[in-house]
Protein chains: 2
Amino acid sequence: MRVEELTTPALLVDADALDHNLRTMSAALPGPRLRPHVKAHKCTGLAGMQARLGHHGFTCATVREVVGMAAAGLGADLLLANEVVDPRALDRLGRLDARVTVAVDSAATIEAAVRGRIREVVVDVNVGIPRCGCAVEDAGRLAELAQTGGLLVRGVMGYEGHAVGLHDRALRAETTEVAMEVLARAHREVGGDVISGGGTGTYDLNVLATEIQAGSYALLDTAYARLDLPFRQALSVLATVISVSASGYAVADCGLKALGMDHGNPSLEGGQDVYLVADEHITFGIDTPTAVGDRVRVLPAHVDPTVAYHERMHVVRDGEVVETWPVDLRGW
Amino acid sequence: MRVEELTTPALLVDADALDHNLRTMSAALPGPRLRPHVKAHKCTGLAGMQARLGHHGFTCATVREVVGMAAAGLGADLLLANEVVDPRALDRLGRLDARVTVAVDSAATIEAAVRGRIREVVVDVNVGIPRCGCAVEDAGRLAELAQTGGLLVRGVMGYEGHAVGLHDRALRAETTEVAMEVLARAHREVGGDVISGGGTGTYDLNVLATEIQAGSYALLDTAYARLDLPFRQALSVLATVISVSASGYAVADCGLKALGMDHGNPSLEGGQDVYLVADEHITFGIDTPTAVGDRVRVLPAHVDPTVAYHERMHVVRDGEVVETWPVDLRGW
């Protein structure tokens, strides 16, 4: 099928850019040095490509992602880098034919893991953002508590989410270093082989983590594209121009339900400014002749919540759809 | 099932608030005076309730919504209040066993409708927001063009999207009046029985439109809740507290993929400030004892892009899930 034949809005992945991104990251972080985060693409088709490049451990953010990865035969070593206390959710994890490691950061999450027949955990440590993760001084005590409960403690996890998006590379490196000093301190108390952390923005700056949890690098977005990273923007939303105004703007058929908006408006591949995003529309300025029926490629500002709106992504090369993958890990 | 048994995040609809909203609107705009917009809830279960209250004409924003409404037996009079030029999409519409009316705003969209065997159209007029809609002076010419092509022109449509959210009621009324003067001018050229427009914020201020396209009133969001409207907030996202910090904040398991973010951060039912929203987390300040496992209700800032992330919505009354509806109109 040609790209022109797709009904819009449609999520497109540029095959060459994806290939470049995956290979560049695999060269920098071969095999188990990278634990790709599936939350960014939510797609076992894409995760399969990452596995074929030698990465057999994956990071997940939701139970559904873990379950879906296991069902796709990608369950060799799944880290749920998130806390879960829902007994039903834990029960789904406990019954999987896969190696599942869960993050814990409190007595309550450890008790839940024990009750849910989880076998392996990492201690999640707060390294600087107000999200999950225990205080560093509690890490050792929690590891002991987990062991007492019969859990194998594989190590520690800490995400420097406040560093990954910093534009200045030196500041990003420094912020990462400070965060990883905290994680190293926790690791000295907890022990274990695993020190899990990092993201696309710090994949080559985080020298403590034994494995980097990068996810966005595969598809990228306009926020990460502004950093000094060697990855290319592979993701876009294909839209059709449905209205052209003599006042110098055009309207295309993708909007708030096709684009994650927390990082602001998307951009147009041609460089035109998007100045209005409504439920099913974007409005953008036009400076070249534009006709109803023309197609535009819209570059999202944030990859993760964009992908989560779509049922499928189309991998394209030279105007041809070479593969269509369901976004099969979305939902909960 | 009790609400406590739901896996989180889960989309909840308060049955009493929904009932109040639907009845309040039906009393103000009985029968065909209201053409409920399904884009806000994307749910044929909820649309069925609206139909049972006497509203048999519906507004849709996407082809998928039209197709889904027809399949659910709610196709008595469906207005696709949007332009479509994709031949495949038009073909799906043309083959439906339903009454389908499509918006047109240019020669190109009229030609597409004719080719797609669409029978009825309205002329979409720009009444003040830079989105679809022809210039008022083109409306008559386009109506003639449509008639020449064999289309029945039912009337005009114009959405005062720049008015519906204005906090000051007098300003909202005045802005609506100015917009509807434009639509009235177009209607004098076009003719027909239908003058379609309006939204939740202007449902009682727009006195020109023969039918009001309100959608958000059924579920509401924190943006509309700040206006002087008689509707209650029926929609929330149920989340589980998964981490509590001694620094005075807690983290719950709903985030950017469960909440439309273009109107900003959500609010918590208890009134606590949400100060961080990540892919699968919200972080909020706590001033009362909060434990891991507690449930919170998160009130989205914008209903439409929130609902579009969820597979289903649970209607709840007195802590009991009385109905679960698939969000079956999402996607494209």
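Me: Let's start with a definition: two strands count as paired when DSSP finds at least two bridges between them. With that in hand, how many bridges join strand β9 of chain A to strand β10 of chain A?

Reply: Happy to look, keeping in mind that this is a predicted model. Strand β9(A) covers residues 235–245 and β10(A) covers residues 249–252, and the two run antiparallel. The number of bridges joining β9(A) to β10(A) is 4.

Me: Which residue in the turn of that hairpin has a positive phi?

Reply: β9(A) and β10(A) form a hairpin with 3 residues between them. In that turn, a positive phi of about 95° belongs to A:G248.

Me: And which residue in β13(A) stands opposite A:A252?

Reply: In β13(A), the residue opposite A:A252 is A:I282.

Me: Now to the open sheet of 7 strands in chain A: which are its edge strands?

Reply: The order across the sheet is β2-β3-β4-β5-β6-β7-β8, with parallel pairing. An edge strand pairs on one side only, and here that applies to residues 57–60 and 211–212 of chain A. The edge strands are therefore, by the pairing rule of at least two bridges, β2 and β8 of chain A.

Me: Within that sheet, which residue of β6(A) is the bridge partner of A:D124?

Reply: Strands β5 (residues 120–124) and β6 (residues 152–158) of chain A run parallel and are joined by 5 bridges. The partner of A:D124 in β6(A) is A:M157.

Me: What angle does the direction of helix α7 of chain A make with that of β6(A)?

Reply: Helix α7(A), residues 169–190, packs on the sheet. There it touches β5, β6 and β7 (194–197) of chain A. Its direction and that of β6(A) make an angle of about 165°.

Me: Within what arc do the buried residues of α6(A) fall, seen down the helix axis?

Reply: In α6(A), residues 139–148, the buried residues are A:A139, A:L142, A:A143 and A:A146. They line one face of the helix, because they fall within an arc of 105°.

Me: What covers those buried residues of α6(A)?

Reply: The cover includes strands of the sheet as well as helices. Among the covering elements of chain A are β4 (100–104), α5 (107–115), β5, β6 and α7.

Me: Which residues touch the most other members of the largest nonpolar core?

Reply: That core holds 226 residues. B:V123, for instance, is in contact with residues including B:V104, B:L142, B:V153, B:A186 and B:V190, leaving aside its neighbours within four places in sequence. In general, nonpolar side chains tend to be buried together in soluble globular proteins. The members touching the most others are A:V123, A:V125, B:V123 and B:V125.

Me: Finally, which element of chain B gives the most to the side that touches chain A?

Reply: 48 residues of chain B are in contact with 48 residues of chain A. Elements of chain B that each supply at least two residues include α4 (87–94), α5 (107–115) and β12 (274–278). With 4 residues, the element that gives the most is β9(B).

Definitions and conventions:
Residues numbered from 1 in each chain as written. Chains lettered and ligands numbered in written order. Predicted model: local features only at pLDDT ≥ 70, side-chain atom pairs only at ≥ 80, totals over all residues. Contact = placed C-beta atoms within 7 Å. Axes fitted to C-alpha atoms, helices over the stretch in contact; angles between N-to-C directions. Core = buried A, V, L, I, M, F, W, Y, C linked by C-beta atoms within 7 Å. Buried ≥ 20, exposed ≤ 12 C-beta atoms within 10 Å, placed from the backbone. Arc of directions from axis to C-beta.
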